Amino acid sequence: MCRNIKTLFNFDPPATDEEIREASLQFVRKLSGFNRPSRANEEAFHRAIEEVAVVARKLLDSLVTSAGPRDRTVEAGRSHRHD
């Protein structure tokens, strides 16, 4: 599951809210062990996704680097070779 979480820092254009939410979903799935939560856990599961996404956005917005932005096409090719 965690291999589905992609690096999102230092891309031009920057990571979208949807990309951050997808990574957050994968993270919460991994932590909880649920692909889809039961009804009893659904609210907590979805709240965790949203909270992780907020923290992830704050992290990405606060990081700095002197490296040039990454090329999404090149990075996508690299990730497919490791799958």
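Start by selecting alanine 23. Leaving aside residues up to four places away in sequence, Ala23 touches Ile5 and Leu8; a contact here means heavy atoms within 4.5 Å.

A quick note before moving on. This is a predicted model, where local features need pLDDT of at least 70, side-chain atom pairs count only at pLDDT 80 or more, and totals for chains, interfaces and linings use all residues. Residues are numbered from 1 along each chain as its sequence is written, and side-chain values use heavy atoms, with hydrogens and water left out.

**Zoom out: the whole chain**

Show everything as a cartoon. You'll find 3 helices and 0 strands, and from the N terminus on the order is α-α-α. Helices (H or I, at least four residues) and strands (E, at least two) are DSSP runs, numbered from the N terminus. The C-alpha trace spans about 45 × 30 × 15 Å along its principal axes. Of the 83 residues in the chain, 19% are buried, where buried means under 20% relative accessible area, exposed over 50% and partly exposed in between (1.4 Å probe, protein chains only). Among contacts with a separation of 6 or more, 72% are between residues 24 or more positions apart.

**Select helix H1 (17-32)**

H1 has 16 residues and reaches 22 Å from first C-alpha to last, close to the 22 Å expected at 1.5 Å a residue. That expected span is 1.5 Å times one less than the number of residues.

**Select the core**

Now pick Leu8, Ala15, Ile20, Ala23, Ala53 and Leu60: these 6 residues form the largest nonpolar core. H1 and H2 are the elements that give two or more residues to this core. Such a core is a set of buried Ala, Val, Leu, Ile, Met, Phe, Trp, Tyr and Cys residues joined through side-chain atoms within 4.5 Å.

**Select the second largest pocket**

Ile5, Leu8, Phe9, Ile20, Ala23, Ser24, Phe27, Val52, Ala56, Leu59 and Leu60 line this pocket. Helix H1 (17-32) and helix H2 (39-62) are the elements that give two or more residues to the lining. Its volume is about 180 Å³. A pocket is an open set of points on a 1 Å grid over the protein atoms alone, where a 1.4 Å probe fits, with protein on both sides within 12 Å along at least five of seven lines; lining residues have an atom within 4 Å of a point. The lining divides into 10 nonpolar, 1 polar and no charged residues.

**Last stop: the segment before H1**

Asparagine 10 lies in this segment. Its phi is near 70°, a positive value in a residue other than glycine, and Asn10 is buried at 17% relative accessible area.

Next is phenylalanine 11, also in the segment before H1. Is Phe11 buried or exposed? Phe11 is buried, with a relative accessible area of 10%. Show its neighbours: apart from residues up to four places away in sequence, Phe11 touches Pro69, Arg70, Asp71, Arg72 and Glu75. Phe11 and Asp71 are 60 residues apart in sequence and 6.6 Å apart in space, C-alpha to C-alpha.

Finish at proline 13, in the segment before H1. The peptide bond from Asp12 to Pro13 is cis, with omega near 5°.

Key. Points joined across faces, edges and corners; volume = space filled by probe spheres on them. Nonpolar A, V, L, I, M, F, W, Y, C, P; charged D, E, K, R; others polar.
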